[in-house]
Amino acid sequence: MRGCAGGIRRRRLIVMTSAAASPAALLTEIDHVAIAVNDLEAAIAYYADVYGATVDHREVVESDGVEEALLKVAESYIQLLTPTRPDSPVAKYLEKKGEGIHHIGYRVADCAVALESVKAAGGKVLDQAPRPGSRGTTVAFIHPKTTFGTLVELVQE
Ligand code: CMX
Ligand code: CO
């Protein structure tokens, strides 16, 4: 059997990778996709009625001025978020942009290590050091202006 048909030479594609220069893979899983909503109960009911997604955890995080409902999807969560006070970051977001995706939470093995890596790369961090998040996690936020427009939360379980 001939390797090349009709005189067309088969070219071997050489895929260049930069594995040697890359840092260790810091993001291990999607922890949650956070959605800002005006009416938490209505959003919970929508996800239950339409997708059969039920609430796994609820919490008021006073330090962030939010109430959340976490709906489990496989090993990740949908984090429905609503503000508890007018100066909440989520209140500002709803006022300016309306309901929608507020941030992505990436699971990391060690939040401090991941945060230092972001800082070393010149990222604008919103937390200089890891801090408590909901459900007993340790978190740190990265400003959307240095992450191609998406607010990023590093989440260590
Ligand atoms: N996603 C993408 N862009 C966003 C954004 C978001 N969630 N929130 C604000 N922005 C944009 C604004 O549209 C604005 O852009 P333009 O300048 O182009 O108009 C810019 O970022 C504003 O930046 P800023 O003035 O520095 O900041 P704000 O006062 O708007 O606050 C932010 C934004 C991200 C700094 C603030 O929300 C914050 O500190 N968030 C981290 C904490 C948090 O979000 N807690 C709630 C969730 C808690 C949880 O998940 O448990
Ligand atoms: Co979050």
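Modeller: Here is the setting, and then the rings one by one. The model is predicted. The protein chain has 3 helices and 8 strands. From the N terminus on, these elements run β-α-β-β-β-α-β-α-β-β-β. Of the 157 residues in the protein chain, 36% are buried. The accessible surface is about 10100 Å², and carbon and sulfur atoms hold 56% of that.

Now the rings. A pair of aromatic rings is described by the distance of the centres and the angle of the planes. The count for this model is 3 aromatic pairs. One of them joins Tyr46 and Tyr47.

How much cover does each partner have? Tyr46 has a relative accessibility of 39%, so this residue counts as partly exposed. Tyr47 is at 16%. The cut-off for buried is under 20%, so Tyr47 is buried.

Tyr47 also pairs with Tyr51. Here the centres lie 5.2 Å apart, with 45 degrees between the planes. Where do Tyr47 and Tyr51 lie in the fold? Both belong to helix H1, which covers residues 40-51. They are 4 residues apart, about one turn of the helix.

Put together, Tyr46, Tyr47 and Tyr51 make one aromatic cluster.

How values were computed: Residues numbered from 1 in each chain as written. Chains lettered and ligands numbered in written order. Predicted model: local features only at pLDDT ≥ 70, side-chain atom pairs only at ≥ 80, totals over all residues. Heavy atoms only, no water. Phe/Tyr/Trp six-rings, centres within 6.5 Å; stacked < 30°, edge-to-face > 60°. Buried < 20%, exposed > 50% of the residue type's maximum accessible area, 1.4 Å probe, protein only. Helix = DSSP H or I, 4+ residues; strand = E, 2+ residues; numbered from the N terminus. Areas by Shrake-Rupley, 256 points an atom, 1.4 Å probe, with all protein chains shown as cover.
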